[in-house]
Amino acid sequence: MSMTDPIADLLTHIRNANRAGKSDVEISFSRMKAEIARVLKQNGYIADFYAEKKEDGKQVLKIQLKMIGKERAIVGIRRASKPGLRRYVGAQDVPRILGGMGIAIITTSRGVMTGHEAKKANVGGEVLAYVW
C-alpha cells in the first residue's frame, strides 16, 4: 500500500501517541520527517529524535515526546497543506498560531523552519503544519 501523505502520517503518529500517553513514536525515516522533528525539538515540543536502522535494513525515525510536569508539551498538531490543496504563503503572510503561542512549520527555499524564522529571513513557502 502506498502512502499519499507521509507528513500527515508523521503528525498523526505524534498526535495519537501523545493522546495515548506514550513516551516515544517510531515511524519510517525520510529527510523531510527528520527536518520536521528537528524544528519540533528546537522549539521544545519534543525531547529528542534519532534515526535507527532495523534488522531488516529499513531505517526508522524515533521521536521521544516531551512532558512538562504532568502535561504534554504538544497540546495540538494539525496539517495545514495537503497533497490535494497546497497552501503557500509569502514572507509577509506567515500565519501566527494562537497569538504567537504556537508555531507554523514552513518549508522554504532555505529549508524547513518556523513561521517566525521565515518572517525574519523574509522568505515564504509552503505551510506544512501548525503546532501548539
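How do the residues of the lining of the largest pocket divide into nonpolar, polar and charged? They split into five nonpolar, five polar and two charged, where Ala, Val, Leu, Ile, Met, Phe, Trp, Tyr, Cys and Pro count as nonpolar, Asp, Glu, Lys and Arg as charged, and the others, Gly among them, as polar. This is a predicted model, in which local features need pLDDT of at least 70, side-chain atom pairs count only at pLDDT 80 or more, and totals for chains, interfaces and linings use all residues. Residues are numbered from 1 along each chain as its sequence is written, and side-chain values use heavy atoms, with hydrogens and water left out.

**The pocket**
- The largest pocket has a volume of about 160 Å³ (a pocket is an open set of points on a 1 Å grid where a 1.4 Å probe fits, with protein on both sides within 12 Å along at least five of seven lines; lining residues have an atom within 4 Å of a point).
- Helix 3 gives the most to this lining, with three residues (helices are DSSP runs of H or I, at least four residues, and strands are E runs of at least two, numbered from the N terminus).

**The helix pair**
- Helix 1 (residues 6–20) passes helix 2 (residues 31–42) in a right-handed crossing.

Methods: Axes are lines fitted to C-alpha atoms, for helices over the stretch in contact, and angles run from 0 to 180 degrees between N-to-C directions. A crossing is left-handed if the near helix is turned anticlockwise from the far one by less than a right angle, and right-handed if clockwise. Grid points are joined across faces, edges and corners, and a volume is the space filled by probe spheres set on the points.
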